[in-house]
Amino acid sequence: MGSNQLLLSLQSADIGIRNEVILKKVSLEVTKGDYLFLIGKTGSGKSSLLKAIYGDTHISTGSARFKTFDLTKLRESELPTLRRKLGIVFQDFRLLDDRNVFDNLDVVLKATGWKSKTDRKNRILETLEKVGISGKQERFIHHLSGGEKQRVAIARALLNDPELIIADEPTGNLDPETALEVMDLLEELHKKGNTVILATHDYRLIKRYNHPVIRCENQEIHRLESVGS
Ligand SMILES: Nc1ncnc2c1ncn2[C@@H]1O[C@H](COP(=O)(O)OP(=O)(O)O)[C@@H](O)[C@H]1O
Ligand SMILES: [Mg+2]
């Protein structure tokens with residue numbers, strides 16, 4: 001068994017943008033190896049909660065820690081080290097469209113201190129294999145399908161062995177079948193030990209994949225005891 005290491009802990013945290021509170025009294029714990037779904041309608045605060053974890057929305061009261069980081073008083077200078085421990089995946093991929101797959105990943109490795117070209121290359125090829133797109137490193141992003149783009153984005157998220165994968169509607173721009181392929185990949189990564197928190201408004205996904213579900217609703221979050229049939 002794992003060590004039950006607590007990665008993320010929010011206690012009565014109010015999350016907001018400027019003076020507006022988006023989620024109130026959020027309490028949430030994520031332990032190493034967990035896979036949590038975050039569900040709720042558009043505008044219910046899913047992205048805001050995820051942003052609070054990577055230091056992009058403000059936590060005004062309560063306590064919030066990720067590893068050694070106090071998320072309530074993050075300094076600008078801490079953001080790169082915090083984000084290096086997170087693998088963030090977005091609905092719209094956020095890749096450099098006019099570069100190839102290899103360069104998209106190499107940019108990240110260079111920016112995170114990988115000095116040796118050989119090490120970077122090995123890391124990139126090994127990571128592309130993990131996400132099932134070996135051999136596509138020379139392809140330009142704009143020549144990839146949506147599913148392949150999301151695999152590249154997941155590869156980018158994995159490059160530095162993140163403690164936590166944060167996926168914000170990762171299947172939102174994919175057709176239903178491709179969505180399931182990307183979900184299957186995340187499932188596989190979870191089985192290999194990755195910790196995942198995934199926001200979606202697609203109830204089909206949370207019925208199909210059996211993970212604890214947290215719902216955002218009326219500015220609050222609560223855990224759903226059971227979903228589906
Ligand atoms: N940058 C922003 N400035 C002001 N309000 C925002 C901003 N981003 C989100 N909001 C508001 O916060 C609420 C929650 O949005 P969001 O976290 O994006 O929800 P979800 O991801 O569930 O769709 C919404 O009312 C939205 O209008
Ligand atoms: Mg959102």
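**Figure 1. How much of the protein chain is buried in this predicted model?** Buried residues account for 36% of the 229 residues in the protein chain. The chain carries seven helices and ten strands. Its radius of gyration is 17 Å, close to the 17 Å that the globule rule gives for 229 residues, so the chain is as compact as a globular protein of that length. Along the principal axes, the C-alpha atoms fill a box of roughly 45 × 45 × 40 Å. If we look at contacts between residues at least 6 apart in sequence, 68% of them join residues at least 24 apart.

**Figure 2. A close-up of the largest nonpolar core.** Here we step into a core of 58 residues. Ile15, Leu38, Leu49, Ile166 and Leu198 are the residues with the most contacts inside this core. Helix H5 (residues 146-158) gives the most to the core, contributing six residues. In soluble globular proteins, nonpolar side chains tend to be buried together.

**Figure 3. The contacts of Ile166.** Let us stay with one of the core residues that have the most contacts there, Ile166. Setting aside neighbours within four places in sequence, Ile166 is in contact with Leu50, Ile53, Tyr54, Leu86, Ile88 and Ile197.

**Figure 4. The residues around ligand 1.** Which residues will you find here? Around ligand 1 are Ile17, Ile22, Gly40, Thr42, Gly43, Ser44, Gly45, Lys46, Ser47, Ser48 and Cys216. By type, this shell divides into three nonpolar, seven polar and one charged. Helix H1 (residues 46-53) gives the most to the shell, with three residues.

Technical notes. Residues are numbered from 1 along each chain as its sequence is written. Chains are lettered from A and ligands numbered from 1 in the order in which they are written. This is a predicted model: local features need pLDDT of at least 70, side-chain atom pairs count only at pLDDT 80 or more; totals for chains, interfaces and linings use all residues. Helices (H or I, at least four residues) and strands (E, at least two) are DSSP runs, numbered from the N terminus. The radius of gyration is taken over C-alpha atoms; the globule rule is 2.2 Å times the number of residues to the power 0.38. A residue is buried if 20 or more other C-beta atoms lie within 10 Å of its own, exposed if 12 or fewer, and partly exposed in between; C-beta atoms are placed from the backbone. Two residues are in contact if their C-beta atoms, placed from the backbone, lie within 7 Å. A nonpolar core is a set of buried Ala, Val, Leu, Ile, Met, Phe, Trp, Tyr and Cys residues joined through C-beta atoms within 7 Å. A residue is near a molecule or strand if its C-beta atom, placed from the backbone, lies within 6 Å of it. Ala, Val, Leu, Ile, Met, Phe, Trp, Tyr, Cys and Pro count as nonpolar, Asp, Glu, Lys and Arg as charged, and the others, Gly among them, as polar.
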